[in-house]
Amino acid sequence: MTLRHLPRSRSGLSALAAAALALSAISLVSAPEADAATTKIRIVQHNVEKRPGPVTKAMEKAVAINAQAITLQEVCASDVHLIPEFAQARGETWTVNAQQSRTDGCAAGDDVMTVAVRTAGGATASQPALSPDEAENDQGVRYHQRQQELVCLTWGQGPVKTVCSVHIALGKAFVAGTNELARPVQIKQVKDHAYDFTEKGHAVIIGGDFNAVPKDTVMNRMYAKGLDSSGNEPNGRFFEATQLTKPQSAERRGAITATTGDGGTRKIDYVFFSKNKTPWTQDGASIDTFTTGSDHKMVTAAATIES
């Protein structure tokens with residue numbers, strides 16, 4: 001076994017979260033992937049709403065579609081162990097990068113985690129920091145604060161692949177200790193961190209809950225094509241999986257993925273593929289949604305990337 005990643009210390013880290021982080025530190029080293037002109041990448045993305053059942057369903061779906069990676073949000077630290085145990089029951093070792101998102105978010109001593117999974121060993125973990133955020137209620141009172149990161153795993157060659165999981169702030173949340181809205185700040189940071197990977201020639205895939213609909217102006221920093229609701233051009237570096245599917249369209253759209261607190265529905269969960277390695281015109285791209293018991297749909301996405 002090879003030690004792949006030692007998580008940094010954090011104040012306020014619960015024992016369960018520390019254990020979850022420790023689980024993410026070790027993986028088996030796999031043989032390098034062979035170079036190929038193109039590679040089909042399959043991803044399972046899911047905000048599991050702090051429920052263990054959807055975690056298991058995401059893993060089962062990953063096996064069923066032969067997904068190379070899983071991106072999860074709102075995983076209780078007490079449930080992270082389900083991932084290596086599921087892999088072990090299959091005689092496999094998966095790489096898990098689980099990072100604390102909110103202290104005591106599931107229960108006292110049980111933190112909420114953002115998780116990236118490579119369904120094989122040998123991936124290297126990293127977690128570039130995003131600004132911490134704190135939400136505000138209708139009375140103007142600030143409540144829970146979250147410590148946010150872009151939680152990533154990198155592996156392979158032809159090309160090197162970096163898959164990241166992220167949970168962006170609510171629309172009415174602020175950078176902690178300021179009056180600056182957190183969501184646009186964090187999405188810009190995601191864009192900038194992704195650029196660091198693409199500059200190295202990586203294919204970057206980001207799965208996450210962005211808490212924004214496709215044509216929201218804040219998503220202009222993610223999308224490389226498609227106008228926002230005001231007719232503005234985007235400046236991002238990604239194609240969203242829905243755009244790549246047939247009939248192909250630059251329109252920013254997609255199936256409903258979440259139910260809001262007032263009973264509304266919207267698409268806020270995404271799988272983005274970096275345009276530096278993802279051909280705009282391709283066959284076989286797909287995106288589907290599935291009900292699991294979470295208030296978010298599980299999303300599966302596939303696209304072809306180039307070496």
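Visitor: Numbering the bonded cysteines of the chain in sequence order, what is the pairing?

Guide: This is a predicted model, in which local features need pLDDT of at least 70 and side-chain atom pairs count only at pLDDT 80 or more, while totals for chains, interfaces and linings use all residues. Residues are numbered from 1 along each chain as its sequence is written, and side-chain values use heavy atoms, with hydrogens and water left out. A disulfide is taken here as a pair of cysteine sulfur atoms within 2.5 Å, and by this rule the count comes to two disulfides. With the bonded cysteines numbered in sequence order, the pairing is 1-2, 3-4.

Visitor: Which handedness does the disulfide of C76 and C106 have?

Guide: The sulfur atoms of C76 and C106 are 2.1 Å apart, and the pair links distant parts of the chain, with C76 in strand 4 and C106 in strand 5 (residues 95-107), 30 residues apart; strands (E, at least two residues) and helices (H or I, at least four) are DSSP runs numbered from the N terminus. Because the torsion about the S-S bond of C76 and C106 is about -100 degrees, this disulfide is left-handed.

Visitor: Is C106 buried or exposed, or does it fall in between?

Guide: Buried means under 20% relative accessible area and exposed over 50%, with partly exposed in between (1.4 Å probe, protein chains only). C76 has 6% relative accessibility and therefore counts as buried. For C106 the relative accessible area is 24%, so this cysteine is partly exposed.

Visitor: Which handedness does the disulfide of C152 and C164 have?

Guide: C152 and C164 form a disulfide with their sulfur atoms 2.1 Å apart, linking strand 10, which holds C152, to strand 11, which holds C164, across a separation of twelve residues. Both C152 and C164 are buried. Since the torsion about their S-S bond is about 105 degrees, the disulfide of C152 and C164 is right-handed.

Visitor: Where does P159, joined to G158 by a cis peptide bond, lie?

Guide: The cis peptide bond between G158 and P159 has an omega of about -5 degrees. As for its place in the chain, P159 belongs to the loop between strand 10 (151-155) and strand 11 (161-167).

Visitor: Is E74, a residue with positive phi, buried or exposed?

Guide: Phi of E74 is near 55 degrees, a positive value in a residue other than glycine, and E74 is placed in strand 4. Because the relative accessible area of E74 is 18%, this residue is buried.
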